[in-house]
Amino acid sequence: MPPTDTAPEAPTPEESEDAAAPAEGVSTEKKGARKEDGDGAAAALPHGDAPGIRFEKVVKRFGSNVVLRELDFAVEPGERVTLIGPSGSGKTTILRLLMTLEKLDDGVIWIGDDTLWHMDKGGRRVPANQKHLHEMRKQVGMVFQQFNLFPNMNVLRNLTEGPVRVLGASKDEAVERARGLLDMVGLADKENAHPSQLSGGQQQRVAIARALAMQPKVLLLDEVTSALDPELVVGVQDLLRDIARESDLTMLCVTHEMNFARDISNRVLMFDQGQIVEEGPPDRIFGEPAEQRTREFLQAVLAS
Ligand SMILES: Nc1ncnc2c1ncn2[C@@H]1O[C@H](COP(=O)(O)OP(=O)(O)OP(=O)(O)O)[C@@H](O)[C@H]1O
């Protein structure tokens, strides 16, 4: 099992390194997020009661490096927000704080009406209580750049382990749900395979299904296609577009792929040096950015 300071469904980085497999080529045909006739898949996507997220004056430092500077922003329930901005500007740190993989130094993070954690007047993190953090982070699922599958478990068990151990689901319940999700991501025939037997694109589909198996209400996507060979990117992006369209999840996405950002989000936040430079609907941010910093960033991305 992962140590307590990692996400409930996420293995340790050491495990995830072992899970890296050479891409073998996978169909890039569009996979529907829900098959018309798949009852399991139809039940697979969460609907309703997704909480919003709010950062209030959040400060995060790594030593003398102040990564987030009194950051304020909110994501509405069911909204899909993409963070864009230069490398090192703090985007991943925001997701890791929400997963409780990093601790904040000041400010408050809210998920729905409850604080994930905050600093009290004495400068102590509240709550220090693992039980509260555990309950709060059960609402949040994350898909990582490097898939982070359990390398020693087959695909089915990768999906059932968290629900059985963390959510207390029965084995039968977890297996039924896992099969519905594998059907949804187009990998129903791979339940007995181990991660090393799958292409990068297939592993990332399993990772997406595994995050959804935990029945999160908030889904965080961190550069989910940047470790994939170019021909595998389309299938994973199509899957996520379908999930975004067909679920009510609150989603926070970090990506360097501007077309994907445009498709998947209701709102884009341009981020630089721990602060929001500009925000707005994707068509406006990509079509008529108001800030010079955003224009420079988008030009640099287009030129790369
Ligand atoms: N565990 C850590 N220890 C020390 N510094 C860290 C750690 N994690 C992140 N940082 C630093 O925090 C800053 C923000 O990193 P972060 O990964 O959040 O940026 P990012 O905007 O997501 O970048 P990228 O687009 O390259 O992924 C960087 O300067 C990075 O070096």
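Which residues in H5 meet which residues in H6? The answer comes below, as part of a short tour of this predicted model.

## H5 against H6

On the H5 side, the residues are Val155, Leu156, Leu159, Thr160, Pro163 and Val164. They meet Lys171, Ala174, Val175, Arg177, Ala178, Leu181 and Leu182 in H6.

How do the two helices lie relative to each other? The axes of H5 (residues 155-165) and H6 (residues 171-184) come within 9 Å and cross at roughly 130°. H5 and H6 are therefore oblique to each other, and H5 passes H6 in a right-handed crossing.

## H5 against H7

H5 also has a contact with helix H7 (residues 200-213). Here the axes come within 8 Å and cross at roughly 25°. That angle is under 35 degrees, so H5 is roughly parallel to H7. The crossing of H5 past H7 is right-handed.

The H5 residues that make this contact are Val155, Asn158, Leu159, Gly162 and Pro163, and their partners in H7 are Val206, Ala209, Arg210 and Ala213. Sorted by type, the contact of H5 with H7 has 6 nonpolar, 2 polar and 1 charged residues.

## Around the ligand

Which residues surround the ligand? They are Phe62, Asn65, Val67, Gly85, Ser87, Gly88, Ser89, Gly90, Lys91, Thr92 and Thr93. Two elements give two or more residues to this shell, namely strand E2 (65-75) and helix H3 (91-98). H3 gives the most, with 3 residues.

The shell divides into 2 nonpolar, 8 polar and 1 charged residues.

## A loop residue

Next, take a look at Asp120, in the loop between strand E5 (114-119) and strand E6 (125-126). Is Asp120 buried or exposed? Asp120 is exposed, because 9 other C-beta atoms lie within 10 Å, and a residue with 12 or fewer counts as exposed. The C-alpha atoms of Asp120 and Val108 are 9.5 Å apart, with the two residues 12 apart along the chain.

## The chain as a whole

Finally, the wider view. The protein chain contains 11 helices and 11 strands. It has 304 residues, of which 44% count as buried. Among contacts between residues at least 6 apart in sequence, 70% join residues at least 24 apart.

Terms used: Residues numbered from 1 in each chain as written. Predicted model: local features only at pLDDT ≥ 70, side-chain atom pairs only at ≥ 80, totals over all residues. Axes fitted to C-alpha atoms, helices over the stretch in contact; angles between N-to-C directions. Helix = DSSP H or I, 4+ residues; strand = E, 2+ residues; numbered from the N terminus. Parallel < 35°, antiparallel > 145°, perpendicular 65-115°, else oblique. Left-handed = near helix turned anticlockwise from the far one by under 90°. Contact = placed C-beta atoms within 7 Å. Near = placed C-beta within 6 Å. Nonpolar A, V, L, I, M, F, W, Y, C, P; charged D, E, K, R; others polar. Buried ≥ 20, exposed ≤ 12 C-beta atoms within 10 Å, placed from the backbone.
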